[in-house]
Amino acid sequence: MRSRTRLTAALLTVAALALPAAALAAAPDAPKLYKDKCIGCHGADGSGQTPMGKAQKAGDLRSPAVQDQTDAQLSATVAKGKGKMQAFGKKMSPDEIAAVVAYIRTLKSKS
């Protein structure tokens, strides 16, 4: 019984790690979109520790507070903005926003 539980836990872990990679495979332009639209404030690692990010109090995209949000919640934040973050809904298509959200999901494993 314990080996079955361990196997299930291992499979769930592998699946959780593979999901961001699968999402990025479906959105190959995601790293470029992130670089073009997000990196100035959130930084390459998503920490928000850039000069602009510190000035704007940009959130750490690697944090549980961000990573625990649903894709719909993150998409809404990108589209509508939040706090001092500008809205990108008129500058990016829904597919581009989804690609950026997929990229944000990969930052969790880099923290």
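This is a predicted model: local features need pLDDT of at least 70, side-chain atom pairs count only at pLDDT 80 or more; totals for chains, interfaces and linings use all residues.
## The nonpolar core

Let's start on the inside. The largest nonpolar core has 17 residues, and those with the most contacts inside it are Tyr34, Leu61, Met92, Val100 and Ile104. Three helices, H2 (30-37), H6 (71-80) and H7 (94-110), each supply at least two residues of this core. H7 gives the largest share, seven residues. As background, nonpolar side chains in soluble globular proteins tend to be buried together.

Beyond its neighbours within four places in sequence, Tyr34 is in contact with Ile39, His42, Gly43, Ala44, Gly46, Leu61, Val100, Tyr103 and Leu107. Its relative accessible area is 2%, so Tyr34 counts as buried.

## Two sides of helix H2

Now for the helix that holds Tyr34. In H2, the residues Ala30, Leu33 and Tyr34 are buried. They sit on the same side of H2 because they cover an arc of only 100° around the axis. Lys32 and Lys35, on the other side of H2, are exposed.

Lys32 is exposed at 53% relative accessibility, while Asp36 is partly exposed at 48%.

How many aromatic pairs does the structure hold? There is one. Its partners are Tyr34 and Tyr103, whose ring centres are 4.7 Å apart and whose planes meet at 35°, so the pair is tilted. Because Tyr34 lies in helix H2 and Tyr103 in helix H7, the pair ties together parts that are 69 residues apart in sequence. Tyr103, with 12% relative accessibility, counts as buried.

## A positive phi at Lys57

The backbone has a point worth a look at Lys57. This residue has a positive phi of about 55° although it is not a glycine. For context, most residues other than glycine have a negative phi. Lys57 is found in the loop between helix H4 (51-56) and helix H5 (64-67). With a relative accessibility of 71%, Lys57 counts as exposed.

## Salt bridges

The structure holds four salt bridges. In general, side chains of opposite charge can pair when their charged atoms come close.

Another joins Arg62 to Asp45, with the closest N and O atoms 3.8 Å apart. Arg62 lies in the loop between H4 and H5 and Asp45 in the loop between helix H3 (39-42) and H4, so this pair ties together parts that are 17 residues apart in sequence. Arg62 is partly exposed at 22% relative accessibility, and Asp45 is partly exposed at 35%. These two residues belong to a network of salt bridges that links Asp45, Asp60 and Arg62.

Asp71 and Arg105 also meet through their side chains, at 2.8 Å from N to O. Since Asp71 lies in helix H6 and Arg105 in helix H7, the pair ties together parts that are 34 residues apart in sequence.

Key: Residues are numbered from 1 along each chain as its sequence is written. Side-chain values use heavy atoms; hydrogens and water are left out. A nonpolar core is a set of buried Ala, Val, Leu, Ile, Met, Phe, Trp, Tyr and Cys residues joined through side-chain atoms within 4.5 Å. Buried means under 20% relative accessible area, exposed over 50%, partly exposed in between (1.4 Å probe, protein chains only). Helices (H or I, at least four residues) and strands (E, at least two) are DSSP runs, numbered from the N terminus. Contact means heavy atoms within 4.5 Å. The arc is that of the directions from the helix axis to the C-beta atoms. Rings of Phe, Tyr and Trp (its six-membered ring) pair if their centres lie within 6.5 Å; planes under 30 degrees apart count as stacked, over 60 as edge-to-face and the rest as tilted.
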